Amino acid sequence: TEDSARSVVYTFPHLIIQEFVAALAQFLTPHPGNILKLLTKAHSAADGRFEVFLRFVAGLSSPGSARGLEEILGPFSHQTTCRVIDWVKEVVKSQAANARS
């Protein structure tokens with residue numbers, strides 16, 4: 001049918017690949033939207049189901065880690081990279097302050 005031709009479903013052989021592709025998409029999207037809201041929501045999930053995604057996002061925000069992929073895929077969004085780095089810094093500060101309390 002015409003509707004099924006328009007609907008695209010991606011399947012992945014392993015959840016890790018799905019999480020990596022989801023993280024990578026955040027850096028390849030020209031207008032990342034509200035990445036901070038997405039990161040905060042993923043971080044606040046009590047069951048930890050987004051931990052791998054968050055680790056990939058943090059890793060991809062490192063210029064050294066991203067360099068090889070950027071050679072193949074083109075440059076990552078500088079705006080997204082800066083937002084992710086700032087978000088990670090705030091989370092680490094918050095966790096350090098909570099640990100001292």
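Helices here are DSSP runs of H or I with at least four residues, and strands are DSSP runs of E with at least two, numbered from the N terminus. By that numbering, Glu90 and Lys93 sit three residues apart in helix H6 (residues 78-100), so about one helical turn separates them. The model is predicted: local features need pLDDT of at least 70, side-chain atom pairs count only at pLDDT 80 or more, and totals for chains, interfaces and linings use all residues. Residues are numbered from 1 along each chain as its sequence is written, and side-chain values use heavy atoms, with hydrogens and water left out.

**Salt bridges**

- Side chains of opposite charge can pair when their charged atoms come close.
- The structure holds three salt bridges, each defined as a side-chain nitrogen of Lys or Arg within 4 Å of a carboxyl oxygen of Asp or Glu.
- Glu90 and Lys93 are joined by one of them, with an N to O distance of 4.0 Å.
- Asp47 pairs with Arg49 through their side chains, at 2.7 Å from N to O.
- Between Arg55 and Glu51, the closest N and O atoms of the salt bridge are 2.5 Å apart.
- Both Arg55 and Glu51 belong to helix H4, where four residues, about one turn of the helix, lie between their positions.

**Exposure of the charged residues**

- Relative accessible area sorts residues into buried (under 20%), exposed (over 50%) and partly exposed (in between), using a 1.4 Å probe and protein chains only.
- Asp47 counts as exposed because its relative accessibility is 52%.
- Lys93 is also exposed, at 54%.

**Leu60 in helix H4**

- Leu60 lies in helix H4, which covers residues 51-60.
- Its relative accessibility is 6%, so Leu60 counts as buried.
- Leaving out residues up to four places away in sequence, Leu60 is in contact (heavy atoms within 4.5 Å) with Phe20, Ala23, Leu24, Phe27, Ala66, Leu69 and Phe76.
- From Leu60 to Ser94 the sequence separation is 34 residues, and the C-alpha to C-alpha distance is 22 Å.

**Ser77 in a loop**

- Ser77 belongs to the loop between helix H5 (63-73) and H6.
- Ser77 counts as buried because its relative accessibility is 13%.
- Its contacts, again not counting residues up to four places away in sequence, are Phe27, Thr29 and Pro32.
- Phe27 is touched by Leu60 and by Ser77.
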